[in-house]
Each structure stands twice: as C-alpha cells, then as structure tokens.
Amino acid sequence: MIESSKMAKMAIEALEDKKAEDIRLINIAEISVLGDYFIIASGTNRSQIQALADNVQEKLGRAGAHV
C-alpha cells in the first residue's frame, strides 16, 4: 500500500502536469477519519478540470492506489 504522503505528492504532481492553479494541500489527519490530506486545485474551464481529475486518477492508479 502506498503511503498517504506519497499519494498526495503524486496527486499534486499530476495536477501540476495539467497546469492546475492555486493548488493547496491541507493535512486533515488529526481531525478526520476519512483521509489524511485534502487537496484543492483550480482550473480555467470545465474541460481542464476534467483533465485534472483524469490525470490524478490515472497516475495514482498506475502506482497501484485505489482511487
């Protein structure tokens, strides 16, 4: 299983590859049982936002993470 901090780093790299804007990583491990990190990013239009989500899912999936 991939460590959550590595998954977060991979997700951010995938977002950066597709030119996401205002990427924020929030550590919620101490306050949530749902996850360790919350990642927020912006895109310029609907197509770019879909490409951002698809790229994150693809890169994490290739690494063996269940998305």
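View 1. The model is predicted: local features need pLDDT of at least 70 and side-chain atom pairs pLDDT 80 or more, while totals for chains, interfaces and linings use all residues. Residues are numbered from 1 along each chain as its sequence is written, and side-chain values use heavy atoms, without hydrogens and water. The side chain of D17 meets that of K59 in a salt bridge at 2.3 Å, N to O (a side-chain nitrogen of Lys or Arg within 4 Å of a carboxyl oxygen of Asp or Glu). Because K59 lies in helix 2 and D17 in helix 1, the pair ties together parts that are 42 residues apart in sequence. K59 is partly exposed, at 26% relative accessibility.

**View 2. The salt bridge between R62 and E58.** A search of the whole structure finds two salt bridges; in one of them, the side chains of R62 and E58 meet at 2.6 Å, N to O. Both residues lie in helix 2, four residues apart, about one turn of the helix. R62 is exposed, with 60% relative accessible area, whereas E58 is partly exposed at 44%.

**View 3. The crossing of helix 1 and helix 2.** Helix 1 (residues 4–17) and helix 2 (residues 46–62) have axes that come within 8 Å and cross at roughly 140°. Helices are DSSP runs of H or I with at least four residues, numbered from the N terminus. Axes are lines fitted to C-alpha atoms, for helices over the stretch in contact, and angles run from 0 to 180 degrees between N-to-C directions.

Terms used:
Helix = DSSP H or I, 4+ residues; strand = E, 2+ residues; numbered from the N terminus. Buried < 20%, exposed > 50% of the residue type's maximum accessible area, 1.4 Å probe, protein only.
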